[in-house]
Amino acid sequence: MATLSEERSLFRPVQKHSLDNEQIKRPLTKQWKMTITSILKNKLALLGMIILFVIVVMAIIGPHLVPYNYSDQSLTNGNIAPNSQHWFGTDDLGRDMWSRTWYGARISLTIGVAAALIDIFIGLVVGGVSGYMAGRGKIGDRIDNILMRLVEVLYSIPYLLVVILLLVIMKPGLKTIIIALSITGWVSMARIVRGQILQLKEQEYVAAAQKLGTPHYKIILRHLFPNMLGIIIVNLTFTIPNAIFAESFLSFIGLGVQAPIASWGTMCNDALGVILSGQWWRLFFPGFMISLTMFAFNVFGDGLQDALDPHSRD
Amino acid sequence: MLILKRFIMMAVTIWVIVTVTFVIMHVIPGDPFASDSTNYPPEVLANMRSAYHLDEPLPIQYVDYLRDLCTLDLGPSIEFKSRSVNQLIADGFPASALLGLQALVIAVFFGLLFGIVAALNHNGIVDYIVMGLAIIGISVPSFILAPLLIKYFSVEWKLLPVASWGTWRHSILPSLSLALMPMAIIARFIRSSMLEVLNQNYIKTADAKGIGIVSIIVKHAIRNAIIPVISFLGPLIAALITGTFVVEKIFAIPGLGKYFVDSIFNRDYPVILGTTVFFSVVLIIVLFVADLSYRLIDPRIKLSSKGD
């Protein structure tokens, strides 16, 4: 026993600086900062970001770099291969392809971004309400049920059928396409949001907020939405290219924006007849731009997803 | 019981689709004879309208349509005189279905193959090549790929027919251009879920027991890795069905998609309704089968009446 107390005397109690121990030594890294560092490290995602930036800038200034308007016809200058005057060549009506390509970028990007934002807004509202009301008494369950049935019905209709039918009632144009794309597009977003909410609202901090009497709207806005922001942004980077693709698809079958407005889809469609006669530039430039944009959004979205996923962080 | 509930849900969905399409269609200004109105005297037009019951009040037309639908009669086509919508679908659907199915088989088979090969070669050269190609595949839409395929395979190298429909050789290029994007998506999906599965303990156990790599992959890994792909099959098939519109147009294939798009421009009411209903029914059945196959592949998943 004596030895034990001897041994004990060899140990000296450490001075307790309880506050010091709890102190966070390094400065806090905000989530958005970590996300950005992580994306900058991902070369492919960085490339995607740069490509998107260039396309957006060119969509803004591109048409102004040449003295031709996107709709100016010059029948004597039809079907010219790319040269120093017409950098991307001209189409059969002598319209400058450079100007049309970047003008088309404006149209495609506008449609993509607008449709995706509307999708996300409606999806958030419907999915949020549905997920939040689920399990909240009889009325709550009923609301959830009705909304989810609606989503299910919309989900099982091929979206192109709805879009095509809608495009027929309304006057073809930019606005119509955006509306038509968002009428069916919000469904998958609503499903994702609902699933997230169902998961998040079981968390302790939500229970704590509820016990403290925080009103519903505050719980949704302050606790649930911020925690879903990552998934929403990632979804945005996949929704935008889908909308751009859908627009080109519709324009391609003749239901998109109407002449003389150019979109990448209509330009590809116009080029279909001449591709075999060797006028490669008619299909190449708009087609390449669509593919490049889809590529950039996809790799950027992938990078963002990895960056926001805490499991893949090192 | 749950299956019965699903069937009721499916019937309700179809009814909603029919009703919405019917309403939308009649809101469209103009009717099937609007473009003929300068060529025929009004009495003739009135006769033509009454021949197709277009002069009756809308509710009666609606009830009539639903009654005929129950006997699977989709009515006559107005644009294609003396042919019924059923005939049009019978004419057009085989080509569309063959195209879609071929594309689906190509996409699923090669998507699985490439995804698995990439996963087994994780971070190796093969992995990078396959995933690089997959990203390109996701980025290039079918309506850009198709003209390129025609240009090289048909015009420059003269290996395959340029367009039209008939022999098996005609269907190669359209199926390929339709299959590329879903193939790339499947390959990416399978790769990431394979990587996850290959790290599981049961795979290591199987490996430690000396079971060969082939049988580990076939019996243990694929079955678990394929679940996310199946949840993607429903929307994929929908995309293939509607995607055929474009491919049919480029390759001049007499399929159903062409009839559908044409019918909208022609205001051919019965064809619009008929093809929409038909497409939707096909899709709903496909989604249902996809849900069922979930359960066959993974018995842990229960068939539920909810969407998730």
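The following legends describe views of a predicted model with chains A and B.

Residues are numbered from 1 along each chain as its sequence is written, while chains are lettered from A and ligands numbered from 1 in the order in which they are written. In this predicted model, local features need pLDDT of at least 70 and side-chain atom pairs count only at pLDDT 80 or more, whereas totals for chains, interfaces and linings use all residues.

**View 1. Chain A is built from 12 helices and zero strands.** Helices (H or I, at least four residues) and strands (E, at least two) are DSSP runs, numbered from the N terminus. Of the 314 residues in chain A, 41% are buried, that is, 20 or more other C-beta atoms, placed from the backbone, lie within 10 Å of the residue's own. Contacts are pairs of residues whose C-beta atoms, placed from the backbone, lie within 7 Å. Among those in chain A between residues at least 6 apart in sequence, 66% join residues at least 24 apart.

**View 2. Chain B comprises 12 helices and zero strands.** Its C-alpha atoms fill a box of roughly 85 × 60 × 30 Å along the principal axes. Buried residues account for 37% of the 308 residues in chain B.

**View 3. Helix α6 of chain B covers residues 142-156.** Its 15 residues should span 21 Å at 1.5 Å a residue, and the end C-alpha atoms are 20 Å apart, which agrees; the expected span is 1.5 Å times one less than the number of residues. Buried residues in α6(B) include Phe143(B), Ile144(B), Leu145(B) and Pro147(B). After α6(B) comes Lys158(B), with a positive phi near 50 degrees.

Notes:
Buried ≥ 20, exposed ≤ 12 C-beta atoms within 10 Å, placed from the backbone. Contact = placed C-beta atoms within 7 Å.
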